[in-house]
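Good morning, colleagues. Please take a moment to look at the model on the screen; I shall begin with the ligands and then turn to the protein chain.

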Amino acid sequence: MTKKVHIRTFGCQMNQADSEIITSLLQDEGYVVTDAEDSADLVILNTCAVRENAVEKIMNALDNLKGKRRSRPGLLVGVIGCVPQYYREKMFGMSESIDFLAGPDTYRQLPLLIENAERGIRGANLAHIPDETYHGIEPCHTGSISAFVPIMRGCNNMCAFCVVPFTRGKERSRSTASVIDEVEQLVEKGYKEITLLGQNVNSYYDSGTGDGFAELLENVGFAAKGVRVRFTTSHPKDISESLVRVIAEHENICNAVHLPVQSGSTRMLELMNRGHSREEYLEKIAMIRHFIPGVTISTDLIAGFCGETEEDHYETLSMMEEVRFDFSFMFHYSVRPGTYAAKHLPDDVPEKIKKRRLEEVIALQSRISKELHAVEVGNVVEVLAESESKRSKKKLMGRTGTNRVVVFDRGGYKPGDIVSVKVNSSTSATLIGYPQ
Ligand code: SAM
Ligand code: SF4
Ligand code: F3S
């Protein structure tokens, strides 16, 4: 009988891309992927450890699975990804519902771990394999319009607050040839949008000379003519003029740059070990806007990092006003044991103040996004239709090249089409309109 696996993915796009690699690996073992957890023989939780609440979500999911295992003996549960890599074998003691553990570098060992689990042997493989890029495994891309293509794994940056260097290990890049090969296959299959992924794509290197990521992006731009190309994440200290020129010169490379700043205060940026000041960040923004008129810039922000004063917080708010980010991912600081900050910097901003500052950051971003969106009313924007709108079957949802979400009357269009949409209203999150 065919065995069914349900994979639940938490965390960032790298984890989503990893789940596509795991799907491919397990399909080769005869597994069929199911969306219905209740009918699965094997449930895999691909986990995120970036903030404490991300870990809580996994513990809740495991609690939930406890009851299901009682009513369905034989149901196996694997916890993989960043949480077990971080907490290691100690995870077995955190929940009795776990049959096996694997980390981001050991997915090739999953068949063996599953086989052992079937024989009642609880096992873990949490090795760091510094050169693992999953070369030779063709990911099973979900969806048919947009695809993620990881170009590198790991991170060498050691930002003081962040677990990623510990969970994903040292940075390593895929070869240009294998990235281009995957991009060409996706284009041939009819994908309309490709997003290159890495924790810090600007550090991409192959054997070439100069700016490795600018060269790769240029090659991808040519290989994916007529297909939208995006990338994430760029690091402000490393984003270069040559990269920005490549974006400006290629019509199919989207004019949207996600450039996490975390804080508007140079003092905080130093404590965070981000490697740049407020002024240097603003210079990079000016350079990007100079070469790519109309570009949208988005960011990540952390409220209430160690030692953050009201003045530091106001510097974040004033930076938001100055840059006018299109959107932000906003968080309050969460201590992650083992990081530099957890070891050396007191978490001295009271929870209540962290939350109040985060609320102020969110309210300001919402106002800025609303204002930026309102400017588009009356304009015609080019949208890649992605799916039916959640609220109405008569509408489609898509994005502009600048990464703005657009909901519009379906007309005769379908997901995958490029549609010229006249914008007739807007909110802080969405542009609303009809096909021109
Ligand atoms: N590599 C990317 C970068 O450097 O911008 C993103 C990495 S991280 C997965 C995504 C975001 O989570 C970070 O940009 C940061 O804003 C947030 N983050 C990371 N660690 C955090 C922590 N300990 N507390 C709160 N937010 C955190
Ligand atoms: Fe974490 Fe910094 Fe690396 Fe991003 S660049 S993954 S925030 S250590
Ligand atoms: Fe989370 Fe790991 Fe991504 S910690 S954000 S899933 S790299």
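A residue is taken as near a molecule if one of its heavy atoms lies within 4 Å of it.

Before I continue, a word on conventions. This is a predicted model, in which local features need pLDDT of at least 70 and side-chain atom pairs count only at pLDDT 80 or more, while totals for chains, interfaces and linings use all residues. Residues are numbered from 1 along each chain as its sequence is written, chains are lettered from A and ligands numbered from 1 in the order in which they are written, and side-chain values use heavy atoms, with hydrogens and water left out.

Which polar side-chain atom lies 2.6 Å from an oxygen atom of ligand 1? That atom belongs to D300. In the side chain of Q262, an N or O atom is 2.7 Å from an oxygen atom of ligand 1. A polar backbone atom of F161 is 3.0 Å from a nitrogen atom of ligand 1. On its own, ligand 1 has 560 Å² of accessible area (Shrake-Rupley method, 1.4 Å probe), and the protein covers 91% of that area.

Ligand 2 is surrounded by C155, N157, M158, C159, F161, C162, V164, P165, Q199, H235 and R274.

Let me now turn to one residue, D18, which is placed in helix α1 (residues 13–28). Is D18 buried or exposed? At 0% relative accessibility, D18 counts as buried, the term meaning under 20% relative accessible area, with a 1.4 Å probe and protein chains only. Leaving aside residues up to four places away in sequence, D18 touches N46, Y107, R153 and R168, where contact means heavy atoms within 4.5 Å. The side chains of D18 and R168 make a polar contact at 3.0 Å.

Finally, the chain as a whole. The protein chain has 14 helices and 19 strands, and its C-alpha trace spans about 60 × 55 × 50 Å along the principal axes. Buried residues make up 53% of its 436 residues.

Notes:
Helix = DSSP H or I, 4+ residues; strand = E, 2+ residues; numbered from the N terminus. Buried < 20%, exposed > 50% of the residue type's maximum accessible area, 1.4 Å probe, protein only. Polar contact = N/O pair within 3.5 Å; in protein donor to acceptor, adjacent residues only side chain to side chain.
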